[in-house]
Amino acid sequence: MIKINQNYLKLQTSYLFAEIGKRVAAHQAAHPDQEIIKLGIGDVTRPLPDACIQAFHRAIDEMAHSSSFRGYGPEQGYDFLREKIAQTDFKDRGADIHADEIFVSDGAKCDTGNIQEIFSTDIRVAIPDPVYPVYVDTNVMAGRTGACHDGRYEQLVYLESTSENGFVPDLPDQPVDLIYLCYPNNPTGATITRKQLKTWVDYARENKALILYDTAYETFIRDADLPKTIYEIEGAKEVAIEFRSFSKTAGFTGIRCAFTAVPKECRAYTTEGERHSIHELWHRRHTTKFNSVSYPVQRATEAVYSPEGQTQIRSLTEYYLKNAALILEKTRAMGFECTGGLNSPYIWLDCKMDSWDFFDRLLNEAGVVCTPGEGFGNCGRGFIRISAFNNFENVKKAMDRMAAVLG
Ligand code: PLP
C-alpha cells in the first residue's frame, strides 16, 4: 500500500492569495467599470535591465553554434557568475566569502525551503511571526511540528515581531537550534541594525545554533548603517547561511535566479556532538538533486554585475523605492502608523481593526487591493501589507483614493 507523508495533512490551506483573488473577482463582477489597483502581491512590474537583455541575446546566440554550444553546466553554477557574486556582494563589503561558497539556484524560495532537509527532524525551530510562509510550511512537511491550533503549530518557537520591538524579535526564551531571520523583512518592511544582528549571531555561537538569513530584498537598502550581508558581523561565517535572489534585485521573478552562501566554516553536529561541515552537506544535496540554472540565465545574471547592470538595477530599485516613499508619506498623513517603505518595497500599516475588514473597505470603497497581515501569522492581525511593486501613476492614484476614503 502506498502511504503518504502524513505531515502534509497538518498543513493549513494557503488561502491568503486565493481568498484575495476571490474577493477581488467578486468586486470586479459587481463593479465592471471600476479600475482596481493592485498593491497586494509582491511581484515586480518593470522590464528587465537592458544589460541583462543584451547578455541573454548573446548567450542564446552562442547556443546556436556547435563551437559555443553548452549543455549541462556545473551544478553549483558557472565560475564566471560565482566569482562576480563573491567579489561584489561580499568581498567589496568586507565579507570574506569565496566563489566556491556560493551555490547558484533557481530561487530563494526553493533554497529556503530545501535547506532544512539537511538538518535533523528533532531540532527546535524558531520562526518569526509574521513571516514569509515558506519557512513554516517546509518544516511542517518535514515533520518538525505538531498540529496547528489557531494559526500556530505545536513545537515551533514563534519569534514575535511587534510594534513594541520595532518588528525585530527578541531572543527566544527557550533553547532553539535553527533560526529564520529575514531583513529587509517580508512582510513588515522592517530592517535590522548591525548591533541587533550581532545579538543573534552571538546567540547562535553560544548555543551551537544556526541562522538562516534571507536577504532577498538586500538591494533596496540605501542606509549605509544597515548590514547588506550577515557576514559583515564577526563570527557569522560559522553560524549563518545567507539566501539572496535576483527576483526583486533585477526583476527576475519570471527568469529565476538566486544564490545561497554557505561558508566552509559553517558547522552542525551529530547527536553525539561530532562537528560537521554544513557546506559539505549542502554541496552533496545541491549536486545530487539540482542541475543548476540555464546558461543564458546565468549570463543574464552575470550582466547584473557589469557597470551598466549595476546602474540599471539601482535605478530599477529606486523606482520602487520612490513608490514606497509616496505610500509611506501619504498613509502617515492619513494618520496611520507604518513600518517599512524605507530600504524596503513593503509598507506594514497598523489598520487598528480586523485586517480582512480593512482589506474589504479598501477594495470596496477605494478599489485598492492590499494584503491582510494575518495571512503572514497571528502577529499580523490588525495590519496590512502594501506593496510598492506597481507603476508610480497607479500608486499615486491609489493613495489619492485611499485619502478620499480614509484620510
Ligand atoms: N524570500 C522572501 C523573503 C521573499 O519575499 C521571496 C519572494 O517573495 C522569496 C524569498 C522568493 O524569492 P525567489 O523569487 O528567488 O524564489
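The model is predicted, with local features needing pLDDT of at least 70 and side-chain atom pairs pLDDT 80 or more, while totals for chains, interfaces and linings use all residues. Residues are numbered from 1 along each chain as its sequence is written, and side-chain values use heavy atoms, leaving out hydrogens and water.

**Exercise 1.** Find which residues come nearest to the ligand, and sort its shell by class.

*Solution.* Start with the 14 residues around the ligand (a heavy atom within 4 Å). Asn186, Asp214, Tyr217, Ser245 and Ser247 come nearest. Next, sort by class: the shell has six nonpolar, four polar and four charged residues. Here Ala, Val, Leu, Ile, Met, Phe, Trp, Tyr, Cys and Pro count as nonpolar, Asp, Glu, Lys and Arg as charged, and the others, Gly among them, as polar.

**Exercise 2.** List ligand oxygen distances to lysine 109, lysine 248 and arginine 256.

*Solution.* Take the backbone first: a polar backbone atom of lysine 109 is 2.9 Å from a ligand oxygen. Then turn to side chains: an N or O atom of lysine 248 is 3.0 Å from an oxygen atom of the ligand, and for arginine 256 the distance is 2.8 Å.

**Exercise 3.** Describe the aromatic pair of tyrosine 320 and phenylalanine 389.

*Solution.* The structure holds 22 aromatic pairs (ring centres within 6.5 Å, using the six-membered ring for Trp).

Terms used. A polar contact is a pair of N or O atoms within 3.5 Å; within protein, one must be able to donate a hydrogen and the other to accept it, and residues adjacent in sequence count only if both atoms are side-chain atoms. Rings of Phe, Tyr and Trp (its six-membered ring) pair if their centres lie within 6.5 Å; planes under 30 degrees apart count as stacked, over 60 as edge-to-face and the rest as tilted.
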